[in-house]
Amino acid sequence: MKPFRTLTSIPAPLDRSNVDTDQIIPKQFLKRIERTGYGEFLFFDWRRTPDGAPDPNFVLNHQRFRGAQILLTGKNFGCGSSREHAAWALNDFGFRCVIAPSFADIFHSNAGKNGILAITLPEEDVVLLMERARTHQNYALTVSLEEYTVRDTHDYEKRFEIDPFRRECLLNGHDDIALTMRHAAAIDGYEERHDRERWMSPHP
């Protein structure tokens, strides 16, 4: 998992509340075994017209938001089913940070485990940032996990809160596997002792 320290990017404003995981990554695309390759299906029903062409009215299809790594969106983002594929799709598309007034709990956890920083800001702040993203050319946000801050190019600055354990994992790029592997020596030692004791014990 790529460490997250400071990120400066164009923010893409998705002005919708209660975006559920089936909208983030529709169920027909959940058959893949890998964690990669989901980005092209992100928000598929919104990004595409019924005939499969890109919908020019959807924000992520606007040229000015191409390459955005920060998503601004409405409250209760990631509600619905607990599918981790939603975080995989956002990550694969290129988003490293999502800012919203609130998140569904399971999505919030899945995001952090997959290297996405989910930041909760007051709703009026998110509305302000979305409006600036829509109306100002060359607008950008800088998110510093080291300093707990969100800044923009128009003198906005706000501190955010994050669980200390999740912050440490993101700063160091530690997913669940990496956390386990930090104890590899202890695990190997336990297995060696277990095997030795098993073979030394009397057999019936």
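Strand 7 (residues 149-152) and strand 8 are paired in the antiparallel sense over three bridges, and within this pairing Val150 has Lys158 of strand 8 as its bridge partner. Strands are DSSP runs of E with at least two residues, helices are runs of H or I with at least four, and both are numbered from the N terminus; two strands pair if DSSP finds at least two bridges between them. The model is predicted, so that local features need pLDDT of at least 70 and side-chain atom pairs count only at pLDDT 80 or more, whereas totals for chains, interfaces and linings use all residues. Residues are numbered from 1 along each chain as its sequence is written, and side-chain values use heavy atoms, with hydrogens and water left out.

Axes are lines fitted to C-alpha atoms, for helices over the stretch in contact, and angles run from 0 to 180 degrees between N-to-C directions.

A parallel pairing over three bridges links strand 3 (residues 70-73) to strand 4, where Ile70 stands opposite Cys97. In a regular strand the side chains alternate between the two faces of the sheet. Strand 4 (residues 97-100) is covered on both faces, with Cys97 and Ile99 buried on one side and Val98 and Ala100 buried on the other. Buried denotes under 20% relative accessible area, exposed over 50%, and partly exposed the range in between (1.4 Å probe, protein chains only).

The axes of helix 3 (residues 85-93) and helix 4 (residues 105-113) come within 8 Å and cross at roughly 45°. Helix 3 is therefore oblique to helix 4, given that angles under 35 degrees count as roughly parallel, over 145 as roughly antiparallel, 65 to 115 as roughly perpendicular and the rest as oblique. The crossing of helix 3 and helix 4 is right-handed, that is, the near helix is turned clockwise from the far one by less than a right angle. Ala86, Ala87 and Leu90 of helix 3 meet Phe107, Asn110 and Ala111 of helix 4, contact being defined as heavy atoms within 4.5 Å. By class, this contact has five nonpolar, one polar and no charged residues; Ala, Val, Leu, Ile, Met, Phe, Trp, Tyr, Cys and Pro count as nonpolar, Asp, Glu, Lys and Arg as charged, and the others, Gly among them, as polar.

The buried residues of helix 4 are Phe107, Asn110, Ala111 and Gly112, and they pack against helix 1 (21-24), helix 3 and helix 6 (164-172). Just after helix 4, Gly115 adopts a positive phi of about 85°.

Helix 5 (residues 123-135) contains Val127 and also Asp125. Asp125 is buried, with a relative accessible area of 9%, while Val127 is partly exposed at 45%. Not counting residues up to four places away in sequence, Asp125 touches Tyr156 and Lys158. The C-alpha atoms of Val127 and Pro101 are separated by 9.3 Å, the two residues being 26 apart along the chain.

Overall, the protein chain has eight helices and eight strands, and buried residues make up 44% of its 204 residues. Among contacts with a separation of 6 or more, 67% are accounted for by residues 24 or more positions apart.
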